[in-house]
Amino acid sequence: MRVIIVGCGIGGATAALALQKAGIEHVVLEQAAELKEVGAGLQLSPNAVRVLEWVGLSDELAKIGAVPQAHLFIDGLSGETLLQTPLMPKVRDFFGAPYYHAHRAELLDILTGATTERQLRLNAEVTSISQNADGVRVTLADGSEEHGDVLIGADGVHSVVREQVFKPDPPRNTGCAAWRGLVPPDVARDLGFERNAYAYMAPHRCAVLYYVSGGEMFNWVGIGPHSENARESWSQRGSNDAALAEYAGWLPQVRDIIAETENLFMTSMRDREPLEKWADGRIALLGDAAHAMLPYHAQGAGQSIEDAWVLARCIEMGASDIPAALLKYQNLRIERANKVQMQSRQAEHMFQMSDADEIAQRNARFAKHQDSAPDGFPIGQRWLYSYDAEKAVTGTDEEWQALSW
Ligand SMILES: Cc1cc2nc3c(=O)[nH]c(=O)nc-3n(C[C@H](O)[C@H](O)[C@H](O)COP(=O)(O)OP(=O)(O)OC[C@H]3O[C@@H](n4cnc5c(N)ncnc54)[C@H](O)[C@@H]3O)c2cc1C
């Protein structure tokens with residue numbers, strides 16, 4: 001059995017580790033000449049962290065991760081805290097795995113740290129894909145070919161596997177951009193930022209800030225309508241002055257972080273419509289290729305990590321009938337991931353609403369939750385965080401299934 005994974009992002013790299021754990025031969029084909037993620041943070045919730053721990057990354061994660069104490073939702077103009085919900089250590093006690101903030105490049109480093117040259121081909125852009133009853137074949141931009149028994153399309157938001165094998169999926173533009181960057185931790189500390197996840201909200205825009213790199217860097221991302229031209233790209237640079245103009249009137253703490261950012265990036269915020277299928281014969285999609293979503297619930301990478309575990313285990317358990325194994329994977333995963341995709345789309349409004357009555361109603365809901373939730377976790381968080389990918393595979397995940405969001 002040989003599995004070809006197209007794309008070495010967080011989803012593809014996790015799938016490789018899960019296959020490795022199952023003793024299944026695989027190769028990852030990555031178009032980039034070197035593995036690098038452009039500076040940005042990731043919130044990693046326990047549903048994803050437990051998978052990363054199963055593939056052997058507990059110690060490394062604890063080194064690179066920053067450990068937030070709470071999630072603070074704050075009015076971006078007045079500074080009033082609207083809602084505070086617990087993170088660590090309560091998340092670990094309640095959901096059985098920690099919550100971390102990580103730098104993407106560092107996460108990718110630990111995911112690929114033990115990879116051999118045979119398992120990862122860089123400079124390997126896949127241009128065409130085909131399959132028959134016996135196997136799969138991909139052609140690369142340099143004309144070479146790879147053959148295998150299974151193909152996993154983990155090639156991100158612009159997936160060539162999705163385009164060629166499934167459905168061309170045009171982006172849905174939200175009209176918003178995400179600005180993002182990193183500043184040294186002393187800048188953040190001097191501005192009063194503690195070890196928390198800060199989510200600021202004001203009419204039309206929001207900003208999320210937290211420490212990464214074991215606390216050695218401070219990450220921020222701001223999302224809202226933009227007047228600069230933004231592409232769906234991780235490497236497009238933005239201007240500090242233009243970003244500051246978008247955040248005019250905001251709290252000085254947030255503006256100072258923007259001003260102090262040395263390398264500011266911007267990305268156009270788009271998502272996709274949910275797909276009806278992710279498996280076709282010997283080919284399956286995972287991660288953003290299957291369900292590119294907006295970042296309001298910080299779950300895109302998390303869902304790709306859940307996918308990776310379930311897919312690797314379905315291949316391991318169903319090796320004698322690959323099409324059936326991939327179909328099982330799809331059926332186990334698609335409803336959940338598509339729901340997260342849609343909830344993330346809906347959450348945009350909560351973060352950016354501008355109507356005064358609506359804002360008052362949202363804040364009243366926050367206050368009610370603050371006063372009444374017994375454990376402090378909103379229902380959506382419980383639904384997301386209590387998912388156990390192994391229990392899903394073995395059909396023993398009634399606990400999560402019983403929750404609704
Ligand atoms: C502003 C912002 C903030 C976010 N914050 C969070 C967060 O806090 N938590 C979270 O869980 N998620 C977050 N996300 C979402 C998360 O970044 C993505 O969901 C995640 O990176 C998807 O991983 P992936 O492996 O599916 O795709 P990618 O990371 O995009 O990887 C795809 C890989 O495939 C390669 N590739 C593409 N085409 C080819 C080809 N033809 N041949 C070979 N290789 C190819 C690419 O070079 C790339 O390396 C955020 C997203 C944004 C935009």
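In the predicted model, Val136 stands opposite Gly148 in strand 10. Strand 9, spanning residues 136-140, is joined to strand 10 by four bridges, and the two strands run antiparallel. Both belong to an open sheet of three strands in the order 8-9-10, with antiparallel pairing. Strand 8 (126-131) and strand 10 (145-148) stand at the edges with a single partner strand each, so one side of each is left without a neighbour in the sheet. On average, neighbouring strands of this sheet are turned by 15° against each other, direction ignored.

Strand 15, residues 217-225, is mostly covered, with seven of its nine residues buried. Strand 15 pairs with strand 12 in the antiparallel sense over eight bridges and is joined to strand 14 (residues 205-212), also antiparallel, by seven bridges. Asn219 in strand 15 is the bridge partner of Leu182 and also of Tyr210. Strands 14 and 15 form a hairpin with four residues between them, and Ser213 in the turn has a positive phi of about 55°.

Strand 12 (172-183) also supplies at least two residues of the shell around the ligand, as do helix 1 (10-21), strand 3 (41-44), helix 10 (288-291) and helix 11 (300-317). Helix 11 gives the most, with four residues. The ligand is surrounded by 35 residues, of which Gly7, Gly9, Gly156, Gly287 and Gly300 are the closest. By residue class, the shell divides into 17 nonpolar, 13 polar and five charged residues.

How values were computed:
Residues are numbered from 1 along each chain as its sequence is written. This is a predicted model: local features need pLDDT of at least 70, side-chain atom pairs count only at pLDDT 80 or more; totals for chains, interfaces and linings use all residues. A residue is near a molecule or strand if its C-beta atom, placed from the backbone, lies within 6 Å of it. Ala, Val, Leu, Ile, Met, Phe, Trp, Tyr, Cys and Pro count as nonpolar, Asp, Glu, Lys and Arg as charged, and the others, Gly among them, as polar. Two strands pair if DSSP finds at least two bridges between them. Axes are lines fitted to C-alpha atoms, for helices over the stretch in contact, and angles run from 0 to 180 degrees between N-to-C directions. A residue is buried if 20 or more other C-beta atoms lie within 10 Å of its own, exposed if 12 or fewer, and partly exposed in between; C-beta atoms are placed from the backbone.
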